[in-house]
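Subject: Handing over a structure, with notes

Dear colleague,

My notes on it follow directly after, so please keep it open beside them as you read.

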Amino acid sequence: MLFYDFLGNESLKERLSGMFRQEKSSHCYLLSGPEGSGKHTLATLLSAALQCTGSGDKPCRSCPQCRKVFGSNHPDIIFVDDEDKKMIPVEQVRNACADVYIRPNEGKKKIYIFPHAEKLNPIGQNTLLKILEEPPAYAVFLLLSPNPGLLLPTVRSRCSELHLAPLPEATLLAALRQRCPGKQEADYRLAASARYLGQAMAKLKHAARSDRAMEFAAAFAERDALAMTMLLAPMEKWTRDKLLPMLQEWELLLMEALSARCGAAEAAPEVHRICSLRTAKEILAAIEELRLAQIRCNANVGVGAICGALAVKL
Ligand SMILES: [Zn+2]
């Protein structure tokens, strides 16, 4: 089995393994499944397998090509998306389609990943279709979508569809225990009801988040200065020992939002909300403020002054 560490989805993995062994890979794949079902993980594995120069099973994970794919710095893997826009601008699709004719820099393939193919409007899809009908031999397209029904039948018929299934409970529970150790058994079971690893991990993280962190997430996402002040005001009477872990938790939450903006799949709803309402620059600035507040905390600056400064800056 080539995609051995991709959880569940046995028949899909067998199909892919067969395709790679017979060197019959497709030039367009549609990876479908709900949020947190593993579309992004599978896209990375598939990209690595396509670029891999190792001699055995692909992806070997150790050749220079695999390392670049897993390190997210392969020059021939191009993401087509605009995270600040609801739909992918047609111009961006046109640019990608023009770029297809420039040969790969160093890889065997030039791979175009559409992490949110549901954001392609019909004009964008028709632009893409022209390339899908007659792509250069080295071009591969990976379309990821929770809702493949939004694609035109003409586009869909050009793709090999890889549909991601829910995971068996035992597989999911084992994965959760391994990836998020130290939780209550009841929390694992509750999280496993999500059926997909990404959603279950988000549920588990959510279970561990404090009410105050949830309030912070909401106030920050909504730019609600009043709610932020109300949240911080009572904290001015806290001790530094109590304040510091809270600041760390808030920072962690924003770090999650930042990585969600960069395409990480497993995001809890409150994290998703932040990254859909605030820009990466704003999130980064807030992280800097929280780090500064922690430094001040450690430098014995008064808690009132720290919280006051945060109320102004956040
Ligand atoms: Zn390799």
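In helix α11, residues M228, T229 and L232 meet C307, L310 and A311 of helix α15, where two residues are in contact if their C-beta atoms, placed from the backbone, lie within 7 Å. Two packed helices are described by the angle between their axes and the distance between the axes. The axes of α11 (residues 225-232) and α15 (residues 303-313) come within 9 Å and cross at roughly 170°, the axes being lines fitted to C-alpha atoms, for helices over the stretch in contact, with angles that run from 0 to 180 degrees between N-to-C directions. That makes α11 roughly antiparallel to α15, since angles over 145 degrees count as roughly antiparallel, under 35 as roughly parallel, 65 to 115 as roughly perpendicular and the rest as oblique.

Please bear in mind that this is a predicted model, in which local features need pLDDT of at least 70 and side-chain atom pairs count only at pLDDT 80 or more, while totals for chains, interfaces and linings use all residues. Residues are numbered from 1 along each chain as its sequence is written.

As for the chain as a whole, its secondary structure comes to 15 helices and five strands, and its C-alpha trace spans about 65 × 45 × 35 Å along the principal axes. The domain assignment gives domain 1 (10-163) and domain 2 (209-313), with bounds that come from an automatic or database domain assignment, and the centres of the two domains, taken over C-alpha atoms, are separated by 36 Å. Of the 314 residues, 37% count as buried; a residue is buried if 20 or more other C-beta atoms lie within 10 Å of its own, exposed if 12 or fewer, and partly exposed in between, with C-beta atoms placed from the backbone. Among the contacts in the chain with a separation of 6 or more, 69% are accounted for by residues 24 or more positions apart.

Turning to the interior, a nonpolar core is a set of buried Ala, Val, Leu, Ile, Met, Phe, Trp, Tyr and Cys residues joined through C-beta atoms within 7 Å. The largest such core has 42 residues, of which L31, F114, L142 and L143 touch the most other members. Two or more residues are given to this core by each of β1 (28-32), α2 (39-51), α3 (64-70), α4 (90-99), β3 (110-114), α5 (122-133) and β4 (139-145), and the largest share, seven residues, comes from α2. Leaving aside neighbours within four places in sequence, L31 is in contact with K39, L42, A43, L142, L143, L144 and L162. A second, separate core of 37 residues includes L176, M201, V271 and A286.

Some individual residues also deserve a look. Most residues other than glycine have a negative phi, and most peptide bonds are trans. N9, in the segment before α1 (10-21), has a positive phi near 50° and is buried, with 22 other C-beta atoms within 10 Å. S72, in the loop between α3 and β2 (77-79), has a positive phi of about 55° although it is not a glycine, and S72 counts as exposed, with 11 C-beta neighbours inside 10 Å.

Finally, E133 lies in helix α5 and counts as exposed, with 9 C-beta neighbours inside 10 Å, while the C-alpha atoms of E133 and R158, 25 residues apart along the chain, are separated by 7.4 Å. In helix α14 (residues 280-298) you will find L292, which counts as partly exposed with 15 C-beta neighbours inside 10 Å.

With best wishes

How values were computed
Helix = DSSP H or I, 4+ residues; strand = E, 2+ residues; numbered from the N terminus.
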